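Visitor: Please take me through one part of this molecule slowly. I would like a close look at the sheet and the helices that go with it.

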Amino acid sequence: MKIRAAVVSDAPRLAQISAATFALACPPSTPQADLDAYIAEELTAARFEAHLACSTKRVFVAEADDAVVGYLMLSEERAPAEVSAMRPLGLQRLYVLQPYHGSGLAQALMARALQDAVDQGCDVLWLSVSVQNDRGLAFYRKHGFEVVGEQRFQVGADIHRDSVMCRRVEASADTPTDALATAR
């Protein structure tokens, strides 16, 4: 297992992973047509190329079995008003292909996100997750995130309710160094 910074040539694979995993993060009632429309517009190789070229975003890929099987996207773009921070960092996406769920890969990506936040001098890591994504909510709570608010997220014509979650970031024993060692 290896975590590394994404490069432009990873864009098609990032789009494939997104297409394969995006529905897992959405409410089960989301119409397939809306999922397909969102994927076709937002989760394309061209979009990932743009993300990789953006100075306010950082993308890391997780490799296992000689292939990219997950990724993490961080963003320094504006945080919701509920996030109280001097220098917040958004965890915009953390996706791992289903065969690698439970493998420790998501934990390694989270460790990379926390380390990046420390490296960038950020004081809070924040994210949004569907209120119906029980697995995601449990994962983020396990990593110290707390719900601080709610926002809407549009997928096609479908409007989702997302919890806004955040956690403080400190360069201390709070950073899971065992997972960081695995992530490098």
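Guide: Here is the sheet, then its helices. The model is predicted, so local features need pLDDT of at least 70, side-chain atom pairs count only at pLDDT 80 or more, and totals for chains, interfaces and linings use all residues. Residues are numbered from 1 along each chain as its sequence is written, and side-chain values use heavy atoms, leaving out hydrogens and water.

Seven strands form an open sheet with mixed pairing. Their order is β1-β2-β3-β4-β5-β7-β6. Strands (E, at least two residues) and helices (H or I, at least four) are DSSP runs, numbered from the N terminus. Two strands pair if DSSP finds at least two bridges between them. The edge strands, β1 (2–5) and β6 (146–155), each pair on one side only. On average, neighbouring strands are turned by 30 degrees against each other, direction ignored. Axes here are lines fitted to C-alpha atoms, for helices over the stretch in contact, and angles run from 0 to 180 degrees between N-to-C directions.

Now look at β5 (residues 124–130) and β7 (residues 158–168). They run antiparallel, joined by seven bridges. Ser128 stands opposite Val164 in β7.

Two helices pack on the sheet. Contact means heavy atoms within 4.5 Å. Helix α2 (residues 32–42) touches β4 (88–96), β6 and β7. The direction of α2 makes about 90 degrees with that of β6. Helix α3 (residues 45–53) touches β2 (57–64), β3 (67–75) and β4. The direction of α3 makes about 55 degrees with that of β3.
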